Amino acid sequence: MKSVHLKTASSILISAWLTAGCLGGDDSSGGGDGSKAGSITPTGISGLSYQTASRTGKTGDQGQYRYFPGETLTLSVGNLELATGVPVEPVITPLEFFTFEREALKIAGTTDEGLQSHRITEQQLIQNSDAVMNLTRFLMALNWRQRTSSGDGIEIRDRVIQQLNAALPLISEPIDFNVPRGEFALEEEEALSPANQLLAEICFYPPDDELCEEPPTLEAIENAPPQPEEAEDRDPDIEYSEDLRSKRERILKAIRTVGDVAVDTAEAYLTRELDILTTRLGIRYYLNEFVADLPASDTGIKTVNVKKIAGKPDLADIEAISTRDQDVVVHSFGWQSASVDYFLAGESGGESEILVNFKPSDTYRWVKKSLRVVIN
């Protein structure tokens, strides 16, 4: 088999290797005791308490935690448990926090090309799982900066956790992430959801900020003197009814709710995090050829192999199709050998792409690579 564009291929592999190093490799080792470093979401959720059989700690500014392979993870924000029994991984997302969703991820969807894809299942869970959506919106509401811009993680500060712990005993009932999302985000004045009751007790400003004070009551506003019409008649030491009303509105407006994080905003955040993971996984693998330029007379069985940067590919499954069976036919493929066999069926001038789709053994995600076969 003859391949072309070798310089281009080498450049791509070197670039991929450097990028993989920047993004974090498979091993993520570094603990002197043999433990590994993982993170909660690719961009990180900091401030979460975590516990495994061997470790207890708090996630770092990039969501880091340490673990030994085979352990399970319990995650909390302060005294509020978020998830338990989560299998440890180099990167964990909210889709893996809950048992049902975690099991559903193992069942891939099917693309229009007829290939298996984890993206379909992920999107279905993002759109349909109340538990995932409720938890994601709640965590995003706890983010100190409130808005999660592209490339930024979620930062849960100690000041927020302290207020959350103080407020937990005061809410009407425990927070249940599995309730319908409308119930979880309920904002009716006489029927705040437990999550919103908790958020109402948290001030996301410095302790001495006016917005962390109790809002003036309606009775206090009614009993305060009205503001004089003339500025020179106003006493700077007196809080007039208009002042108190404005202060009340500012404080109440500063109180966060689950509804401050729109569903589509949470969906976009989760999709972004999952796309980062897919990209990181994809750049670790490549085919040993990008383009095969073959004469029409060469009808023997050809092989293309899946390779892994800085390691051997350990696959759980593989499949492959030709986009033009009349020109190139997929003969066979095998996950044990991480390879696809094919042969030419067309005449000179024909070409096809062989789409090689495979699932590494340590993830539910599928990786798709392509080989362009040109018949000359």
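Modeller: Let us start with burial, where a residue counts as buried if its relative accessible area is under 20% and as exposed if that area is over 50%. Please keep in mind throughout that this is a predicted model.

Colleague: Which residues of helix 5 are buried?

Modeller: In helix 5, which covers residues 158-167, the buried residues are Val 160, Ile 161, Gln 163, Leu 164 and Ala 167. Viewed down the axis of helix 5, these buried residues lie within an arc of 165 degrees, so they line one face of the helix. The face turned away from the buried side carries the exposed residues Gln 162 and Ala 166. Among the elements that cover the buried residues of helix 5 are strand 6 (72-77), strand 7 (80-87), helix 4 (130-142) and helix 7.

Colleague: Within what arc do the buried residues of helix 3 fall?

Modeller: The buried residues of helix 3 (residues 118-128) are His 118, Thr 121, Glu 122, Leu 125 and Ile 126. Down the axis of helix 3 they fall within an arc of 135 degrees, and they therefore line one face of the helix. Their packing partners include helix 2, helix 4, helix 6 (181-184) and helix 10 (263-282).

Colleague: How should I read the side chains along a strand?

Modeller: In a regular strand, side chains alternate between the two faces of the sheet.

Colleague: Which residue is the bridge partner of Tyr 286 in strand 16, and which residue of strand 19 does Lys 302 stand opposite?

Modeller: The partner of Tyr 286 is Lys 307, in a pairing where strand 14 (residues 285-287) runs antiparallel to strand 16 and is joined to it by three bridges. Lys 302 stands opposite Tyr 342, and strand 19 (residues 339-344) pairs with strand 16 in the antiparallel sense over four bridges.

Colleague: What should I make of a positive phi?

Modeller: Most residues other than glycine have a negative phi. Ala 310, although not a glycine, has a positive phi of about 60 degrees, and Ala 338 likewise has a positive phi, of about 50 degrees.

Colleague: Is Ala 310 buried or exposed, and is Ala 338 buried or exposed?

Modeller: Ala 310, in the loop between strand 16 and strand 17 (315-322), counts as exposed at 64% relative accessibility. Ala 338, in the loop between strand 18 (328-334) and strand 19, counts as buried at 3% relative accessibility.

Colleague: Where is Pro 94, and which residues does Pro 94 touch?

Modeller: Pro 94 lies in the loop between strand 8 (91-92) and helix 2 (99-104), and is buried, with a relative accessible area of 2%. Not counting residues up to four places away in sequence, Pro 94 touches Thr 41, Val 132, Leu 135, Thr 136 and Leu 270.

Methods:
Residues are numbered from 1 along each chain as its sequence is written. This is a predicted model: local features need pLDDT of at least 70, side-chain atom pairs count only at pLDDT 80 or more; totals for chains, interfaces and linings use all residues. Side-chain values use heavy atoms; hydrogens and water are left out. Two strands pair if DSSP finds at least two bridges between them. Helices (H or I, at least four residues) and strands (E, at least two) are DSSP runs, numbered from the N terminus. Buried means under 20% relative accessible area, exposed over 50%, partly exposed in between (1.4 Å probe, protein chains only). The arc is that of the directions from the helix axis to the C-beta atoms. Contact means heavy atoms within 4.5 Å.
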